[in-house]
Amino acid sequence: MTVESVKPATAEASAHGELREPPLAGGGVPVLGHGWRLVRDPLAFMSRLRAHGDMVRLRLGPKEVYAVTTPELTGALALNPDFIIAGPLWESLEGLLGKEGVATANGPRHRRQRRTIQPAFNLSAIPEYGPVMAEEAHALTERWRPGATVDCTAESFRVAVRIAARCLLRGEYMDERAERLSVDLASVFRGMYRRMVIPLGPLYRLPLPANREFNRALADLHLLVDEIVAERRSSGQKPDDLLTALLAAKDENDEPIGEQEIHDQVVAILTPGSETVASTIMWLLQVLAEHPEHAEKVRTEVESVTGGQPVGFDHVRRLTHTNNVVVEAMRLRPAVWILTRRAKADTELGGYRIPAGADIVYSPYAVQRDPDSYPGHLDFDPDRWLPERARDVPKYAMSPFSVGNRKCPSDHFSMAQLSLITAALCARYRFEQVAGSNDTTRVGITLRPHRLLLTPVPW
Ligand code: HEM
């Protein structure tokens with residue numbers, strides 16, 4: 001079934017005034033409702049919801065929230081303009097990262113901001129980033145020493161930030177600043193998640209080491225962005241990159257956009273751009289260690305495509321298995337595991353009545369592991385993405401970058417770097433987890449392993 005096949009039923013139901021109320025999901029308890037389950041084991045909780053209906057109501061304390069559980073309805077939600085970016089997740093992000101960036105804007109302002117940033121991410125722009133992506137991917141393999149322990153969290157953040165910063169905010173100064181950015185962002189994301197799940201304001205004002213580190217990192221992140229913008233301006237240079245586009249952007253009245261908006265836009269692009277890619281690289285490394293047969297298959301593929309030369313951007317298109325390993329890792333371990341929207345008016349979805357102001361949540365993690373969509377749903381099986389099998393995957397059952405007007409602008413940019421990094425790593429090494437490594441899932445703003453420690457083993 002596709003979203004198109006959902007829509008006629010929806011329209012018909014509305015025409016006859018037969019909109020239904022979604023059922024209440026089972027398992028709630030007095031006062032806390034479903035909240036305790038969501039806090040205790042959010043992934044298992046979200047994954048079980050489909051058994052209760054394609055859309056269900058959840059009670060989170062005094063608040064009622066709607067959850068959509070099927071690929072069709074998640075697609076319909078993401079494509080429906082009645083649902084906007086708002087709600088607790090976004091409010092916490094705005095409070096810390098700024099209110100004027102593209103990730104939290106809605107309406108005409110969002111459309112204008114997307115028009116400014118999109119050209120830097122278009123498919124036609126990606127080859128230009130190829131040399132930087134390849135250089136960074138090979139720098140990783142150079143830095144890692146056979147037999148030494150690699151702290152995958154730090155290394156994944158570093159490469160993700162360096163690629164985003166060097167490609168999009170081009171400039172030599174980025175090489176040194178990218179290191180600072182990666183340390184700051186890692187601390188900021190850790191602290192942001194804590195503040196979201198345990199929203200106890202006064203607790204975070206206590207002079208505890210964790211709070212001091214969070215405040216230091218957040219302040220330094222904003223300072224860095226100011227420095228980057230100021231230096232670009234004073235350099236008088238206007239390379240063809242995202243920062244130049246932001247500095248030249250005009251608002252709805254054709255006036256230059258304000259300083260705050262420029263600042264928040266840079267933050268809004270760097271922050272999702274590093275956390276998501278870094279988490280995905282960590283999962284790729286975990287998967288390659290767990291499935292050495294796929295690391296070996298990637299190595300063989302890379303060798304046959306490159307003829308033994310260092311892998312480069314131009315090879316990526318022909319690295320079918322490598323790409324499928326990346327996609328399958330993203331299916332089972334999506335960095336972005338939960339998304340929310342808010343109904344801006346009374347509306348309907350899938351034949352259900354949704355009141356204005358209602359918060360709707362869904363989990364790409366649950367959708368991408370759904371046994372109804374994927375045979376052998378928990379198996380790591382990159383070949384399910386071969387064209388003859390991929391056509392059986394229901395529409396919207398694999399949308400790690402989302403769809404619709406909020407779709408990640410960086411899908412091509414991200415896939416290119418993830419495939420290139422995977423290829424460069426496997427061309428040289430297979431990986432083994434070492435004592436002290438903990439690859440269980442850490443649920444935060446993104447999903448990532450708790451503490452992945454690997455050693456690279458040359459082939
Ligand atoms: C939005 C996923 C990498 C910048 C999104 C959304 C998803 C997503 C699911 C949509 C959120 C929603 O529907 O509410 C990912 C994944 C990535 C990735 C899985 C990598 C594996 C990046 C990178 C950048 C980036 C590298 C920038 C350098 C953004 C921005 C938005 C966004 C600016 C907001 C778009 C808007 O609201 O119009 N991303 N992303 N992402 N992403 Fe990504």
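1. Let's start at C408, which touches R114 and F401 once residues up to four places away in sequence are left out. Please keep in mind as you read that this is a predicted model. C408 sits in the loop that runs between α16 (387–390) and α17 (411–428). Its relative accessibility is 26%, so C408 counts as partly exposed. The UniProt record, an unreviewed entry, lists C408 under "binding site".

2. That brings us to the ligand. The shell around the ligand holds 27 residues, and those that come nearest are H110, R114, R341, R406 and C408.

3. Which side chains place an N or O atom 2.6 Å, 2.7 Å or 2.8 Å from an oxygen atom of the ligand? For H110, the side-chain N or O atom is 2.6 Å from a ligand oxygen. For R114, the corresponding distance is 2.7 Å. For R341, a side-chain N or O atom lies 2.8 Å from an oxygen atom of the ligand.

4. It is also worth looking at where the shell comes from. Three elements, α6 (107–117), α12 (259–290) and β5 (339–343), each supply at least two of its residues. Helix α12 gives the most, with seven residues. By residue class, the shell around the ligand divides into 16 nonpolar, eight polar and three charged residues.

5. Staying with helix α12, have a look at S274, which has its place there. Is S274 buried or exposed? With a relative accessibility of 1%, S274 counts as buried, because buried means under 20%. Setting aside neighbours within four places in sequence, S274 is in contact with F157, A160, V161 and L185.

6. If you are thinking about cysteines, a search of the whole structure finds zero disulfides. C152 is in no disulfide, and the cysteine sulfur nearest to it, that of C426, is 13 Å away. Likewise, C426 is in no disulfide, and its nearest cysteine sulfur is that of C152, at 13 Å. C152 has a relative accessible area of 0% and is buried. C426 also counts as buried, at 0% relative accessibility.

7. Helix α7 (residues 126–143) contains A137. A137 has a relative accessibility of 1% and so counts as buried. Leaving aside neighbours within four places in sequence, A137 is in contact with L420, I421 and A424. A137 and V311 are 174 residues apart in sequence, yet their C-alpha atoms are 9.3 Å apart in space.

8. Two backbone positions are worth checking by eye. Most residues other than glycine have a negative phi. D254 is not a glycine, yet has a positive phi of about 65°. D254 lies in the loop between α11 (242–248) and α12, and is exposed, with a relative accessible area of 57%.

Definitions and conventions. Residues numbered from 1 in each chain as written. Predicted model: local features only at pLDDT ≥ 70, side-chain atom pairs only at ≥ 80, totals over all residues. Heavy atoms only, no water. Near = heavy atom within 4 Å. Polar contact = N/O pair within 3.5 Å; in protein donor to acceptor, adjacent residues only side chain to side chain. Helix = DSSP H or I, 4+ residues; strand = E, 2+ residues; numbered from the N terminus. Nonpolar A, V, L, I, M, F, W, Y, C, P; charged D, E, K, R; others polar. UniProt positions renumbered as here; feature names shortened; annotations may be inferred. Buried < 20%, exposed > 50% of the residue type's maximum accessible area, 1.4 Å probe, protein only. Contact = heavy atoms within 4.5 Å. Disulfide = S-S within 2.5 Å.
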